Amino acid sequence: MKSATPSDWHMPKRTAPAHTFEMRFTSSPRGARLARRLVAHRLDEWGHPYDSALNETVTLIAAELAANAVRHGHVPGRDFQLRLLAAAEGVRLEVSDTRTERLPEKRPPADPAAEEGGRGLLLVEALAERWGVDPRCPGKCIWAEVRRRPATRG
């Protein structure tokens with residue numbers, strides 16, 4: 001993991017999030033798909049168009065974390081929660097589930113032919129500025145932060 005610090009907004013403390021979105025989703029593939037779509041939609045509404053690098057990156061991270069919450073964090077009868085915070089510095093995404101005993105861990109890449117899954121967090125590691133896991137009662141919160149890159153002139 002790039003960071004093991006607490007679940008507060010890790011971008012500079014001087015700027016409060018300009019936008020916040022929070023919602024619970026059913027712990028199912030359909031819930032994960034809806035979470036991903038709503039992240040892309042919210043970011044577009046907040047001025048980060050669907051085809052922007054920030055929107056695409058955060059949406060991909062949301063898809064991975066929501067899928068992991070469904071696949072590895074599912075507790076029958078319990079939902080997972082997604083929280084999205086946007087500030088001038090960047091975006092923070094948090095996905096929480098209620099399973100305590102299954103914590104994600106950083107693993108070195110294995111032989112891709114031998115493993116069916118397990119590459120999602122490697123993708124999050126590559127795309128996020130920083131990410132981590134915080135305990136929650138009950139369960140855990142996996143968070144990732146993506147910095148906003150200045151627009152380049154072409």
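**The second largest pocket and selected residues**

Helix 2 supplies the largest share of the lining of the second largest pocket, 3 residues. Helices (H or I, at least four residues) and strands (E, at least two) are DSSP runs numbered from the N terminus. The model is predicted, so local features need pLDDT of at least 70 and side-chain atom pairs pLDDT 80 or more, while totals for chains, interfaces and linings use all residues. Residues are numbered from 1 along each chain as its sequence is written, and side-chain values use heavy atoms, without hydrogens and water.

The second largest pocket holds about 210 Å³ of space. A pocket is an open set of points on a 1 Å grid over the protein atoms alone, where a 1.4 Å probe fits, with protein on both sides within 12 Å along at least five of seven lines; lining residues have an atom within 4 Å of a point. Points are joined across faces, edges and corners, and the volume is the space filled by probe spheres set on them. The lining consists of G47, H48, P49, S52, A53, L54, T57, L127, V146, R147, R148 and R149. Two elements, helix 2 (53–72) and strand 5 (140–147), each give at least two residues to this lining. By class, the lining holds 5 nonpolar, 4 polar and 3 charged residues. Here Ala, Val, Leu, Ile, Met, Phe, Trp, Tyr, Cys and Pro are nonpolar, Asp, Glu, Lys and Arg are charged, and the others, Gly among them, are polar.

The chain as a whole contains 3 helices and 5 strands. Along the sequence, these follow the pattern β-α-α-β-β-α-β-β. Of the 154 residues in the chain, 40% are buried. Buried means under 20% relative accessible area, exposed over 50%, and partly exposed in between (1.4 Å probe, protein chains only).

N55 has its place in helix 2. N55 counts as buried because its relative accessible area is 2%. Beyond residues up to four places away in sequence, N55 touches A40, L43, D44, H48, P49 and Y50. L60 is partly exposed, because its relative accessible area is 36%. Leaving aside neighbours within four places in sequence, L60 contacts L123 and L127. L60 and R36 are 24 residues apart along the chain, and their C-alpha atoms are separated by 7.7 Å.

A18 lies in the segment before strand 1 (19–25). With a relative accessible area of 59%, A18 is exposed. A18 is in contact with A86 and A87, leaving aside its neighbours within four places in sequence. A18 and A87 are 69 residues apart in sequence, yet 5.0 Å apart in space, C-alpha to C-alpha.

E94 belongs to strand 3 (residues 90–97). E94 is buried because its relative accessibility is 6%. The side chains of E94 and R92 are joined by a polar contact of 2.7 Å. A polar contact is a pair of N or O atoms within 3.5 Å; within protein, one must be able to donate a hydrogen and the other to accept it, and residues adjacent in sequence count only if both atoms are side-chain atoms.

R78 sits in the loop between helix 2 and strand 2 (80–87). At 43% relative accessibility, R78 is partly exposed. Not counting residues up to four places away in sequence, R78 touches S27, T98 and P138. R78 and F25 are 53 residues apart in sequence and 9.2 Å apart in space, C-alpha to C-alpha. P138, one of the contacts of R78, lies in the loop between strand 4 (130–135) and strand 5. C137 and P138 are joined by a cis peptide bond, with omega about -5°. Most peptide bonds are trans.

Terms used:
Contact = heavy atoms within 4.5 Å.
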